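Please open the model in your viewer and keep the selection panel at hand. The stops below are meant to be taken in order.

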Amino acid sequence: MRWVSHRPSRGARTLLGALPIAMLLLVYLIAAASRHAADPTDKVLPLPDAMLRAMAALVTQPDPLSGQLVFWADTLASLQRLGLGLGIATAAALLVGLVLGVLPPVRATFAPLVTAIAVIPPIALLPMLFIALGLGETAKVALIVVGIAPVMVRDIAAHVAALPREQILKAQTLGASSWQIMTRVALPQAMPRLVQAVRLSLGPAWVFLISAEAIASDVGLGYRIFLVRRYLAMDVIIPYVAWIALLAIAMDVALVQADRRLFPWAQGGGR
């Protein structure tokens with residue numbers, strides 16, 4: 001059987017997916033053990049026991065100044081900012097994308113503006129956001145929205161505009177208004193695409209969040225990583241990065257499950 005035609009079973013997929021991760025962990029452990037054998041004080045590649053000790057203090061011991069458990073306070077602050085930014089960007093992408101996709105005159109008028117905003121590096125706008133909105137939560141959330149919403153809008157608008165013209169003509173023949181076409185024809189078909197757009201935006205959203213927290217924040221996962229880097233505290237940085245990866249994976253899995261449950265008709269049998 002050709003490889004292109006072979007579809008692994010669920011168990012095989014799990015095993016194959018875990019294999020590269022296990023290999024990377026093994027390579028890291030070998031490299032860390034080698035460095036510590038040569039220099040027991042090495043901080044670049046900490047051993048697992050050092051990471052466990054460092055994280056235990058952040059997870060279980062309250063901060064003397066704030067009284068909070070640092071790790072959980074950082075996680076909660078970052079998830080709140082990320083959730084708010086993703087929520088606003090998703091709502092904007094759905095609303096604006098539908099309007100641009102369904103109404104050609106609106107698309108001709110505003111699509112160039114959306115494209116122009118989408119190609120601007122969002123990090124370049126960060127100083128402007130801090131100047132205009134201050135150093136509080138608003139600027140951090142705004143960076144996430146500005147960073148991912150225009151790309152999502154373009155994706156939804158292109159998807160809606162590419163819907164078969166026959167569907168629009170049939171709806172018009174039956175007397176549907178532009179609003180009815182938007183809500184009853186375009187919206188149901190845009191929702192699965194919206195879930196995929198959110199999934200693809202998770203990575204950039206985390207990047208913008210960490211960037212904003214690193215520059216102006218007093219709590220958050222990104223803030224903590226950039227705070228401890230001056231002490232070369234890789235025993236904190238590596239677990240924090242791993243935790244961010246786990247959170248992102250959990251969010252992606254949740255979106256996949258929601259997509260399958262809410263829109264089974266859009267799966268196409270190939271996923």
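The tour goes from confidence to a helix pair and then to a group of aromatic rings.

Before selecting anything, note that this is a predicted model, in which local features need pLDDT of at least 70 and side-chain atom pairs count only at pLDDT 80 or more, while totals for chains, interfaces and linings use all residues. Residues are numbered from 1 along each chain as its sequence is written, and side-chain values use heavy atoms, with hydrogens and water left out.

Colour the model by pLDDT, the predictor's confidence in each residue on a scale from 0 to 100. The mean for the protein is 90, and 98% of its residues reach 70 or more. Confidence is lowest in helix 5 (residues 126-133), with a mean of 86, and highest in helix 3, with 95; helices here are DSSP runs (H or I, at least four residues) numbered from the N terminus.

Next, select helix 4 (residues 104-118) together with helix 6 (residues 137-161), whose axes come within 9 Å and cross at roughly 145°. These axes are lines fitted to C-alpha atoms over the stretch in contact, with angles running from 0 to 180 degrees between N-to-C directions. Show the side chains of Arg107, Val114, Thr115, Ile117 and Ala118 on helix 4, and of Pro150, Val151, Val153, Arg154 and Ala161 on helix 6, which make the contact (heavy atoms within 4.5 Å). By class, this contact has seven nonpolar, one polar and two charged residues, where Ala, Val, Leu, Ile, Met, Phe, Trp, Tyr, Cys and Pro count as nonpolar, Asp, Glu, Lys and Arg as charged, and the others, Gly among them, as polar.

Now turn to the aromatic rings. Rings of Phe, Tyr and Trp (its six-membered ring) pair if their centres lie within 6.5 Å, and planes under 30 degrees apart count as stacked, over 60 as edge-to-face and the rest as tilted. By this rule the count comes to five aromatic pairs. Select Phe71 and Trp243, a tilted pair with 5.3 Å from centre to centre and 50° between the planes. Phe71 lies in helix 3 (residues 70-102) and Trp243 in helix 10 (residues 234-262), so this pair ties together parts 172 residues apart in sequence.

Finally, display Phe71, Trp72, Tyr240 and Trp243, which ring pairs link into a cluster.

Notes:
Helix = DSSP H or I, 4+ residues; strand = E, 2+ residues; numbered from the N terminus.
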